[in-house]
Amino acid sequence: MTSRLSHQTLLAALLLAAATALPFLAGDYYVQFAAKAILLAMLALSLNLVVGYGGLVSMCHAAFFGLAGYLLAFMTPESGGASIWLSLPVTLAVVAAVAAVIGVLSLRTRGVYFIMVTLAFGEMLFYLFHDTKIGGGSDGLYIYFKPEIALAGVTLVDLESHRSFYYVTLACLLGTAALVRALVGSPFGHALVAAKSNERRALSLGFPVFRVRLAAFVISAMIAALAGFFSAAQFGFIAPQVLGWHMSATALVMVVLGGLSSILGPIAGALALLGLEELLKSSFEQWKLVKGLIIIALVFALPGGLQQLLGLLLPERAKDEIKPAVNAVPEVAPHV
Amino acid sequence: MDIVTFAVQLLNGVQYGLVLFLVASGLTLVFGILGVINLAHGAFYMLGAYLSWYLASVTGSFALAFVGALAIAFLLGIALEEVFVKRMIGRDHLAQVLLSFGLILVIDELRQILFGKDVHSVAPPAWLGGSIQLTEVLSYPVYRLALCVVCLVLAGAIFYVLQKTRLGMVVRAGAENRDMTRALGIPFDLVNRYVFAGGIALAALGGILVAPVSTVFPGMGDGMLILSFVVVVLGGIGSVAGAAIGALLIGLTDTFGKVFFPQISSILIYVLMAGVLLWRPNGLLGKA
């Protein structure tokens with residue numbers, strides 16, 4: 001167990017060093033691409049808190065991601081950037097409130113119902129922005145200025161610079177990864193996992209299952225909102241499509257591709273899927289066809305994701321250390 | 001609103017609900033019997049509409065297009081059950097969600113390759129092409145009336161098969177207790193295959209039937225999928241009667257919502273769903 005931990009720590013340290021050095025090694029395009037990948041990795045990380053640890057397959061996380069973008073657009077004045085000290089907390093608070101309402105309703109259901117209900121509520125937010133005029137309808141809204149990080153009129157970090165923007169997103173990813181790690185290791189996280197493996201037992205042991213799940217759902221929605229806030233700022237544009245369920249499903253693919261129930265898994269999955277998409281887009285006109293086939297192959301051939309692949313490729317000794325993580329993937333439906 | 005307009009809207013709502021019932025009953029049957037959640041259900045609705053447009057434009061006959069599209073959808077359902085879905089039974093829902101998402105991407109791209117992404121319209125058969133003059137300004141298309149009748153007949157047929165035939169008995173027994181039914185010697189693999197293919201055919205049928213009254217466009221499956229989900233959540237999963245109630249509720253809510261509250265009509269059905277979830281989380285006719 002300890003040596004497995006040190007393996008992971010080593011891997012994390014190497015990745016971190018590479019991520020820190022990236023803006024000095026790669027061109028502007030790649031720095032922007034990396035920032036985009038980091039933000040999607042945050043979305044996958046947030047989703048994994050409920051899917052991987054909570055066993056709750058949420059299909060509305062893209063709606064939280066996109067809603068945050070709309071909130072930033074609403075709060076950005078026409079003449080300059082919104083102050084991050086106001087816009088970010090308001091965004092997180094509003095998304096948390098929306099997630100709490102959706103969570104209270106959805107968590108009354110189990111298993112496949114939960115999937116359908118979260119998908120439906122996610123689409124409700126999509127149609128809210130798509131069909132009404134509050135957010136420019138199907139055209140979406142432009143965000144001409146990135147949020148300002150300033151104190152007493154002095155700009156602390158200039159988000160218009162690609163390099164600073166990248167480092168801010170990297171810091172956010174590290175912060176949220178540390179938060180998820182701490183949550184999962186805490187009694188709260190143990191209760192969440194206990195409720196996933198056997199809800200009835202968790203209930204009879206006195207765990208407040210509903211409240212634990214609701215808290216996990218809201219926290220995870222807020223992480224998704226943090227990612228969506230910066231994502232909208234990066235593109236300078238937000239449209240209803242970002243809230244759609246195809247985006248939520250893609251985030252699920254990232255989580256499963258990387259491997260459930262780990263911190264690095266969804267991050268690796270997001271990077272792998274984005275890299276793959278970029279490769280496919282440049283090679284095939286019908287790249288979505290190939291993407292679909294790859295997802296189908298993933299379901300049948302590699303249900304444990306890259307984590308499982310790693311377990312298959314590593315030498316015997318290290319394989320034993322990885323094994324528990326692979327076995328943690330549920331083989332049979334956990335929801336009854 | 002005078003009585004004629006009200007009647008027309010009521011008819012529209014019922015007709016919408018009936019089509020929704022056909023599509024959603026396929027979804028709820030597949031889940032009830034196979035225990036598999038199929039997000040690609042809407043994609044088959046879209047495919048049915050495109051197939052009927054293509055076949056109608058090639059053959060020039062709506063009837064031929066109808067039969068052809070339905071047969072293709074059914075065969076496709078059998079093939080998919082054999083290759084993919086069979087292996088999904090008993091897997092966790094997450095794997096099923098991912099598989100069907102992959103299928104959607106594949107189906108969408110194949111549609112793009114075969115039929116393009118243009119918006120099309122399908123002409124109803126000539127003998128159903130006219131409309132009935134209700135008042136001096138209002139008329140009602142004959143095809144829409146015929147659509148109602150066809151849907152009602154089909155709904156009746158679905159209930160008859162499920163409640164009165166041996167096949168229906170097997171299907172209901174399978175939904176109740178799969179292992180026990182298998183132990184009694186029922187060839188479940190066969191039942192699974194035809195239920196899945198039948199479910200896909202129902203989705204495609206919905207698409208074929210609405211093609212002449214609405215437009216055929218690439219994103220039409222997504223909207224239908226969400227509505228079918230709401231229907232199933234309202235009615236209770238696996239319950240065909242629940243799907244009928246849910247579908248009519250949504251058809252009427254949506255139609256009258258557009259008339260009375262046009263600003264918020266798009267979220268009304270979700271408010272309805274939220275209400276039902278608060279009151280009966282397992283759906284109106286769902287098992288506790």
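In this predicted model, A:Phe165, A:Val168, A:Cys172, A:Thr176, A:Leu179, A:Val180 and A:Leu183 of helix 6 of chain A are in contact with A:Ile219, A:Ile223, A:Leu226, A:Phe230, A:Ala233 and A:Gln234 of helix 9 of chain A. Sorted by class, this contact of helix 6 with helix 9 of chain A comprises 11 nonpolar, two polar and no charged residues.

**Helix packing in chain A: helices 6 and 9**

- Helix 6 (residues 162-185) and helix 9 (residues 209-235) of chain A have axes that come within 11 Å and cross at roughly 175 degrees.
- Because a crossing angle over 145 degrees counts as roughly antiparallel, helix 6 of chain A is roughly antiparallel to helix 9 of chain A.

**Helix packing in chain A: helices 2 and 10**

- The axes of helix 2 (residues 28-53) and helix 10 (residues 245-258) of chain A come within 9 Å, with a crossing angle of roughly 80 degrees.
- This angle makes helix 2 of chain A roughly perpendicular to helix 10 of chain A.
- On the helix 2 side of chain A, the residues in contact are A:Leu40, A:Leu43, A:Ala44, A:Leu47, A:Asn48 and A:Val51; helix 10 of chain A contributes A:Met247, A:Ser248, A:Ala251, A:Leu252, A:Met254 and A:Val255.
- The class count for the contact of helix 2 with helix 10 of chain A is 10 nonpolar, two polar and no charged residues.

**Interface of chain B and chain A**

- Chain B and chain A each bring 46 residues to the contact.
- Helix 4 (93-115), helix 9 (220-235) and helix 11 (265-279) of chain B each supply at least two residues of the side that touches chain A.
- Helix 4 of chain B gives the most to that side, with 16 residues.
- The side of chain B that touches chain A consists of 31 nonpolar, 10 polar and five charged residues.

**Salt bridges**

- Over all chains, the structure holds nine salt bridges.
- A:Lys291 forms a salt bridge with A:Glu277, and their closest N and O atoms are 2.9 Å apart.
- This pair links helix 12 (residues 287-301) of chain A, which holds A:Lys291, with helix 11 (residues 264-283) of chain A, which holds A:Glu277; the two residues are 14 residues apart.

Note on methods
Residues numbered from 1 in each chain as written. Chains lettered and ligands numbered in written order. Predicted model: local features only at pLDDT ≥ 70, side-chain atom pairs only at ≥ 80, totals over all residues. Heavy atoms only, no water. Axes fitted to C-alpha atoms, helices over the stretch in contact; angles between N-to-C directions. Helix = DSSP H or I, 4+ residues; strand = E, 2+ residues; numbered from the N terminus. Parallel < 35°, antiparallel > 145°, perpendicular 65-115°, else oblique. Contact = heavy atoms within 4.5 Å. Nonpolar A, V, L, I, M, F, W, Y, C, P; charged D, E, K, R; others polar. Salt bridge = Lys/Arg side-chain N within 4 Å of Asp/Glu carboxyl O.
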